[in-house]
Amino acid sequence: MCGIVGYIGERSCAEILLDGLSKLEYRGYDSAGISVLTEEGIRTVKRRGRLQNLRGAVETAKLTGNCGIGHTRWATHGEPSDRNSHPHGTGRLSLVHNGIIENYLGIREMLERRGYVFESETDTEAAAKLIDFCYKGDPLAALREALPVLRGSYAFSVIFADYPGKIFAVRRDSPLIVGLSEEGNFTASDIPAILRYTRRYLLLDTDEIAVVERERVTVFDVAGNRVEKEVKTADFDMGAAEKGGYPHFMLKEIHEQPKALRDTIQPRLEDGLPRFSELPDDFFDGITKIYIVACGTAMHAGLVGRCAIERYAGIPVEVDLASEFRYREPLLDPEHHLFVCITQSGETADSLAALRLAKARGVRTLSVVNVLGSTISRESDQVLYTYAGPEIAVASTKAYSVQLAVMYLLALRLALLRKGISEEEVRRLTAELCRMPEVVEQVLAREDEIHHIAAACQNAHDLFFIGRGLDYALSQEGSLKLKEISYIHSEAYAAGELKHGTISLVTDGVPVFALATQDALYEKMIGNIKEVKARGAQVVLLHREKAADVGKIADLSFALPQMEELFCPIPGVTVLQLFAYYCSLLRGCDVDKPRNLAKSVTVE
Ligand code: G6P
């Protein structure tokens, strides 16, 4: 989603803004622009398409100045075009925005009646012109007057022609940080944008306004009082935000999974048993039902979590898409229900809204989050961090694996507390979970085999993933990965459900990726595989070593090493991620920046 960067300092800002924007490309965008305060006032250059278009235009325009703002836009209101790109403003100010102004039409009409002329279809332009309307020479007063009128979410960085040494920054429900360095200060949507210059930053709270100057940053609350902010230090360095010799971030991140798993599991072990020292001892007391709520890949991790928690802890679990949960009037019981939000970014708008709904109903909330200090981590009652490090590729990989690890640890912890299974069994399963980084390493060493399978499927128009139980949960993630980055149409089906409709789509040569890693369901899966095979499907089978009749039922196959079947989704997803990666690569797609997708979805 939209990315913001601003710089005020000793250096010429155009190059710093372009560099910062390039580090935000991973968020997903379709146009970009910058505004610089020059001697002739504010000058703005914006272009549809990739950053290189903007770079060329900025070079021609020769923008000289050391205070400016930049933006990568992910279109919501109005098509991707030069006109709709940010920054927006007037001769007096220029503004970049991440979020959605819900009442922009009303504001626009009010301003049009007062003579303002609009150039774009965006909601953002209404906010920019509203601030201009409120501006009588004092930017802080203008912001304070305008902000209460705006409904929706925003992170803004604004420059005023009358104040060449200042950037004004404010946020509500969309992320924004202020970066601090010896050579100037920054505003940014995310740490990678500023990491090249500094690791020190401030987090803004809702409706706090930061006045960012070359040598100081002053933050005010809504009432105009000064607020002292804690200076934070990003715990990852440039290396984490660069490709480190890999051709794509996605491949790098797939390979980082063993480390991410170790980093996430190890701190949660005590004497060979799972324990979350970050949670109060009585946190799970009296829980009779769990709601796991998330979006996209994170929701798929929740599906695996449900299987594990119900099986081992005996607690009923509902898994919901956050965008559905928030509008379906869930029946929440504050005393006995636990709300678990899973989110890599900690900023997903629907997940945040779902969390707020659960909190408003008085339910205990726990979030599983990768990004430290993100909004969801700050607003949840308790947080379990995953330690995947920064994930840059739009298609989530290592974040999912560590979410699985936390789901398993949670299931085993709850099983222990509930005494659902013996301590000895929990100990055995925990030891097996600890072996998963090694098992993933074994799969990674066999990348060639997966490349070979991808080559056989690369020309497919449609591809089906089928599985039962845990394998069905995993199928959904495999299918999402494939369509996200290779653009092959794909669906995941509960294998037993095929005959109720989807099998009509299976014809000669259609690839069916069958996941059959669970002993109790293996024979059932063979039956389903035979059904698709009889209709001409090209079957790829994911199974565990020593499974029966593989050669007879599958055209291609991949055997996971012998292991506890509960944890098969961890190495299993590595296979499916690499499969999607190679399909995307072989089809010439932009692996790390798939069309239309955004990494961090900060609008509803
Ligand atoms: C976007 C990303 C997905 C991610 C989903 C939820 O759609 O492209 O990779 O799974 O958002 O994001 P979250 O940050 O809440 O896990």
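Predicted model: local features only at pLDDT ≥ 70, side-chain atom pairs only at ≥ 80, totals over all residues.
## Aromatic pairs

The structure holds 15 aromatic pairs. In one of them, the ring centres of Tyr116 and Phe133 are 6.4 Å apart and the planes stand at 80°, an angle over 60 degrees, so this pair is classed as edge-to-face. Because Tyr116 belongs to the loop between helix H3 (104-113) and helix H4 (123-134), while Phe133 belongs to helix H4, the pair ties together parts that are 17 residues apart in sequence. The two partners can also be described by their accessibility: Tyr116 has a relative accessible area of 17% and is therefore buried, whereas Phe133, at 30%, counts as partly exposed.

A further pair is formed by Phe513 and Phe579, whose ring centres lie 5.0 Å apart with planes at 75°, so that this pair, too, is edge-to-face. Phe513 sits in strand E25 (residues 511-516) and Phe579 in helix H19 (residues 569-586), and the pair therefore ties together parts that are 66 residues apart in sequence. Both Phe513 and Phe579 are buried. Elsewhere, Tyr135, Phe160, Tyr163 and Phe168 are linked by ring pairs into a cluster.

## Charges over rings

In the case of Phe558, Arg446 lies over the face of the ring, and the distance to the ring centre is 3.9 Å.

## The buried face of helix H14

Which residues of helix H14 (residues 436-444) are buried? They are Met436, Pro437, Val439, Val440, Val443 and Leu444. When the helix is viewed down its axis, these buried residues fall within an arc of 160°, and therefore they line one face of H14.

The buried residues of H14 pack against several other elements: helix H6 (249-255), helix H7 (257-265), helix H13 (423-434), helix H15 (447-457), strand E27 (556-560) and H19.

## Ser600 and its contacts

Ser600 is found in the segment after H19, and its relative accessible area is 6%, a value under the 20% limit, so this residue counts as buried. If its neighbours within four places in sequence are left aside, Ser600 is in contact with Met1, Arg27, Ser345 and Glu347. For one of these, Arg27, the separation from Ser600 is 573 residues in sequence, but 5.9 Å in space, taken from C-alpha to C-alpha.

Terms used. Residues numbered from 1 in each chain as written. Heavy atoms only, no water. Phe/Tyr/Trp six-rings, centres within 6.5 Å; stacked < 30°, edge-to-face > 60°. Helix = DSSP H or I, 4+ residues; strand = E, 2+ residues; numbered from the N terminus. Buried < 20%, exposed > 50% of the residue type's maximum accessible area, 1.4 Å probe, protein only. Lys NZ or Arg CZ within 6 Å of the ring centre and 35° of its normal. Arc of directions from axis to C-beta. Contact = heavy atoms within 4.5 Å.
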